[in-house]
Structures are given as structure tokens and as C-alpha cells.
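Let's take a walk through this structure by way of its ligands. Have a look at it first, and then we'll go through the surroundings of each ligand in turn.

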Amino acid sequence: MNGSRVLVLNSGSSSVKYQLLDMADGSRPASGIVERIGEGPVADHAAALKQVADELAAQGLGLDSPELAAVGHRVVHGGTRFTEPALITDEVVEEIEKLIPLAPLHNPANVTGIKVARALRPDLPQVAVFDTAFHSTIPEAAARYAIDVATADRWGVRRYGFHGTSHAYVSRATAALLGKDPAEVNTIVLHLGNGASASAVRGGVCVETSMGLTPLEGLVMGTRSGDIDPAAIFHLSRVGGMSTDAIDTLLNKASGLAGLCGDNDMREIGRRMGEGDQAAQLAFDIYIHRLRKYVGAYTAVLGRVDAIAFTAGVGENSAAVREAAMRDLTAFGIEVDGVRNALRSATARLISTESSRVAVAVVPTDEELEIAGQTFDLVNA
Ligand SMILES: Nc1ncnc2c1ncn2[C@@H]1O[C@H](COP(=O)(O)OP(=O)(O)O)[C@@H](O)[C@H]1O
Ligand SMILES: CC(=O)OP(=O)(O)O
Ligand SMILES: [Mg+2]
């Protein structure tokens, strides 16, 4: 193998993001996104991936390029089978397909991405990097739900966790920001994007995370409810007469910030709050309340917290969310500096005061770099 470039494909439910990374010099010769799959001219994921291949070819960077060493695919659900990146074979694709019921919004798109890329370049090594992998170290006490053990095991009902490449990257980058070895640092990572999850990382090893069997559990998200009493589902079914599919759609796509106030974008919510909009304010307050509960819980899980890292679209950009989430926590050793918090930068930075016992940081995530690195390491192993 002599190429030094890795193409990373991140196929989401309605978009495909791609980046071409050169591992020799750290450059990124190409990147892009195909959005609104299924809504307009892009009929499905196969069409979106053809468009990605065409866009790359038009720049002379097509999949036939001899500099390409491998393709790295983000795969959301790896179940219990995949706890590390996997070189893709027919058998690996079959296993990822078997996990579709556990991630119906994500895994089908990931499988399509793999199939299209393999058809275009059958000879090229392709690697699946799983969102769940970093969470495979979570101890049984945190990974098991308190339900009948035989039923749980038969149907694979347990906490898997997601956004693992982000939690892995950000926890390491936070240690680097503090000038420490990851093994010395206990970190709470708050990945706040459209999907959102928190994790507790002890000495570089993940010990707890907020997403569970699927990416629905935990924090309030753009369109997902996060935590809810499971009996609400029985109630909506028996008394509300809703079908299982209708409830699934409600909780995954019509809840969270969007369900509470009609907007899933934190920028729009901030703007409406500025105009005194009560629904937007309440949505924000519920979002923050849930976030603070997790910070408190994970503080107790870790015992000693050295750092709290905010990342992803909301975490990196919303000073208002960070300020509200960290307000009045001096008893926890947490003190955010208002001026530092309001600054913007593309690189990792501290926002806590000099006297804050816990370092609070904004750490931009880089899932593509993490996927490319794991892919490159595996094909060169
Ligand atoms: N300047 C900003 N201020 C507040 N929120 C922002 C800003 N920019 C982006 N966001 C939020 O980030 C979200 C997208 O985050 P991102 O991590 O890109 O999500 P995903 O990868 O799940 O699509 C948007 O929905 C929006 O709420
Ligand atoms: C797993 C998951 O929630 O991913 P995303 O945030 O990209 O939807
Ligand atoms: Mg994301």
C-alpha cells in the first residue's frame, strides 16, 4: 500500500458528508456535503454517493486516484460485535445490516455508502469505524438496564452509546489542551450537535454515556426527546391510539427542541428568546436543565472531574448554552469566565477562570480526522 490519502464518508439519515484527508502532510484536498437526500434532485443515498464520486472526479481526485489508500466509513451502530474499526468484507457488511433495527435512521445509509464505494473500487481497502466502539469499555453496572436479564440478552437490549469517535477525539484533545496525558485526566464530554450526548471518560477510558440502545436516550436534542418515562409510550399507544411507528417518529423526529418550540436550530431559538418568545425560552430551559442533570450525575460517576469539554455545533458555538449550563456551580469547583466564554476560535481553548478547580473548555470535534486516522492505522497494520 503506498497511497497516503483516506476518503472519509459520513452518511447520515438525510445527508452525506465527505472529506479527503492526506495523512502524510495533514492537508484536506477535498470536502463537501450532499444534503436533503430524498427531498429533491437527489433521490436516495446511492444517488448522493454517485454525486460525491463525481464531485471528487471533477477535481481530479476520483476514487481511481492512485494516492488513495483507503475509504473510512462512519457506521453508527456496531452492536456488541464491533468494538474496534473493522476491515470491510462481505461478512462485515452482513453484520452491519443485521444491526439496522437498532439504528434504522443511520445504519441503512452507512451500508449504502459502503456498497457504492466497494462497487466503484473493489480493490481498495475499506474500513468501518463505529460510533459505538469507544463506549464498549463502559462497565456492566452502567451498560445494563434493570430489566429481566434473559430478555435483555436475547434481544441485545443494553447501553451501546454513540458519537464515540467524537467523544474519543475530544477527550484526548482536552487532555492535550491541559498539557497532560489522557491517562491522568477525568473528563465530561458534552457533544451538543443536532444529536447530542454526554460521556464520562476516566483516564482516557469511557465509563458512562447518555445515549443507550439507540441514539434516542439522554439529552434533549434537535428533534429527539432524550430521556422519557418508557410508560409514556404505553400510554400514547393504549390511550392515545398511536401506532408504534407513529410514536417512534414522534420521539425521534418531532420532539426535542423542535417539538417544544417548532425550531431545532439553537441560533433561531436564541434569536426568538431575544424577542421574548416564551416557547423558545421554555425549550431552552428544558434543554439546559437536562444538561445540568447529566453534568451532576457524571460528576458523581467520576468522583473527581478535571475537565468539562463542550463540542459539536451547539457546544462549540453557543456561548449562551455554555453559560447557562455552567452557571452557579462553584460548589462543584466550576467557574466560567464570561469574557473567555464569549470569545470565538477554531481551536481548543479554556473558558474557565484561573481559580476554577475544573477546567471548562471548548474543544472543536473532528470526527473525520479520527475516522481517517483509525482507517489509516488499520490498513497499515
Ligand atoms: N452559531 C451557532 N450558535 C448556536 N448554535 C449553533 C451555531 N451554529 C450551529 N449551531 C447548532 O449546531 C447544530 C448542528 O450541529 P452539528 O454538530 O453540525 O450537528 P450534526 O452533525 O448532528 O448535523 C445546529 O442545529 C445548530 O443548533
Ligand atoms: C448517532 C447520532 O445521533 O448521530 P447524529 O448526531 O449524527 O444524528
Ligand atoms: Mg454530528
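Helices here are DSSP runs of H or I with at least four residues, strands are E runs of at least two, and both are numbered from the N terminus. This is a predicted model, where local features need pLDDT of at least 70, side-chain atom pairs count only at pLDDT 80 or more, and totals for chains, interfaces and linings use all residues. Residues are numbered from 1 along each chain as its sequence is written, ligands are numbered from 1 in the order in which they are written, and side-chain values use heavy atoms, leaving out hydrogens and water.

Start with ligand 1. Helix 12 gives its shell the largest share, 4 residues. A residue counts as near if one of its heavy atoms lies within 4 Å. Of the 13 residues around ligand 1, those that come nearest are Asn194, Met266, Arg267, Gly313 and Asn317.

Now for polar contacts, pairs of N or O atoms within 3.5 Å (within protein, one must be able to donate a hydrogen and the other to accept it, and residues adjacent in sequence count only if both atoms are side-chain atoms). A polar backbone atom of Gly313 sits 2.9 Å from an oxygen atom of ligand 1, and for Val314 the corresponding distance is 3.4 Å.
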